[in-house]
Amino acid sequence: MKTQHIGIVITRPPHGSDSASQALDTALACAAFDQPVTVIFQDDGIWQLLPQPVASPLGDKSLLAQFHLMPLYGVASVRICQDSLRHAGIDAGQLALNDALNSLAELKSRAELSNELAQLDQVWVY
Amino acid sequence: MSHKRFALYVTANPISRQGQLSALRFAEAALASGHHIARVFFAGDAVLVGHAELDIPSDEPALQQRWQTLVEADGTELLLCSAAAQRYGLKADASGKHNLAAHFSISGLGSLVECTLDCDRVIHFPG
C-alpha cells in the first residue's frame, strides 16, 4: 500500500489557541491510518512539553497527557528543536516527557530539522 | 504540461482570516490552468464556511458560493471535519436539523489521509 510520510509541525504555545489540539488530532488520525508521522515541536511549540498543572489557571484544557499517548498511537518519530529550547532558556531535562515519549523523542538542531522536513511527503504547520 | 489533481487542506476561519480566500483563489487559478481540485478538506474554524445560514454582506467575498461553484465546475468534494463540525453544531442528520449548505458534507480525518494518497499534491492553507 502506498504511504505518505506526514510531518506535523507544532509552533504555538499551549494557551491562546486550539492550534496544537488540531495538530495532535491530525497526527493521531494519520498514525491510526498507518501513515508514518513525524511530530516536530519548534518555536513556541516547545512550551507544550513543559510540566503543566492538571487544572490550568486559565481554565483551558492541557494537552500534555495526550501528547504522552503519541507513541501508543503509533506516531513514528517525535522531534524537539534544540535551538528553540536554547532561545527560550529551557533545558531538555525540564521537559515533562513520560518514559515512552522520552524514548521516542529526539533533540535536533534547526538545520537538521530542515533537512528532515525536506524528506517528508507532506508538511503541515500548526 | 501534465495536469495535476490537487487536494486543499483548509483550517482558516472563513470570516476573520485570509487563508480561506487564498485557498479559493488558488483553486480557481488551478482550475483555469486545467488542473483538478479533487477535494477540499475543511478543519477547525474553517468548517464554518459550510453553515447553511451564513449571512455575509453582499460586498464581501462570497466564499461559500464560490466553493459551491467549484463543485459544479470540477466535481470537487467539499468535506467538513466531523470533530470540528460537531463542536460548531453543524449537522447532516435527516431529523430536520440539517444545517449544511448545498454540496458540503461531513467526513472524518481519514479523508485527509485519503487526500494525501490519491492526489498529486495536498496544499495546506492554515491562517
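The structure is a predicted model, in which local features require pLDDT of at least 70 and side-chain atom pairs count only at pLDDT 80 or more, whereas totals for chains, interfaces and linings use all residues. Residues are numbered from 1 along each chain as its sequence is written, and chains are lettered from A, and ligands numbered from 1, in the order in which they are written.

In chain B, five strands form an open sheet with parallel pairing and the order β4-β3-β2-β1-β5. Helices (H or I, at least four residues) and strands (E, at least two) are DSSP runs numbered from the N terminus, and two strands pair if DSSP finds at least two bridges between them. β4 (104-107) and β5 of chain B are the edge strands, each pairing on one side only. On average, neighbouring strands of this sheet are turned by 25° against each other, direction ignored; axes are lines fitted to C-alpha atoms, for helices over the stretch in contact, and angles run from 0 to 180 degrees between N-to-C directions.

Strand β2 (residues 36-42) of chain B is joined in the parallel sense to strand β3 (residues 77-81) of chain B over four bridges, with B:F42 opposite B:L80 in β3(B). Pairing of β1(B) with β2(B) is likewise parallel and runs over six bridges; here B:F6 stands opposite B:I37 in β2(B). Six of the seven residues of β2(B) are buried, so this strand is largely enclosed by the rest of the structure. A residue is termed buried if 20 or more other C-beta atoms lie within 10 Å of its own, exposed if 12 or fewer, and partly exposed in between, with C-beta atoms placed from the backbone.

Helix α2 (residues 63-74) of chain B packs on the sheet, where it touches β2 and β3 of chain B, and its direction makes about 145° with that of β2(B). The buried residues of α2(B) are B:Q64, B:W67 and B:L70. Seen down the axis of α2(B), these residues fall within an arc of 115° and therefore line one face of the helix; the arc is that of the directions from the helix axis to the C-beta atoms. Their cover includes α1 (19-32), β2 and β3 of chain B, while B:Q65 and B:E72 are exposed on the other side of α2(B). Just after α2(B), B:G75 adopts a positive phi of about 70°.

The loop between β4 and α4 of chain B contains B:G108, which counts as partly exposed because it has 14 C-beta neighbours inside 10 Å. B:G108 lies 28 residues from B:L80 in sequence and 8.0 Å from it in space, C-alpha to C-alpha.

Chain A also holds an open sheet of five strands with parallel pairing, in the order β4-β3-β2-β1-β5. Strand β1 (residues 6-10) of chain A pairs with β5(A) in the parallel sense over four bridges, and A:I8 stands opposite A:W124 in β5(A).

The contact between the chains takes 14 residues from chain B and 14 residues from chain A, residues being in contact if their C-beta atoms, placed from the backbone, lie within 7 Å. On the side of chain B that touches chain A, the elements giving two or more residues are α4 (110-118) and β5 (121-125) of chain B. α4(B) provides the largest share, five residues.

Methods
Contact = placed C-beta atoms within 7 Å.
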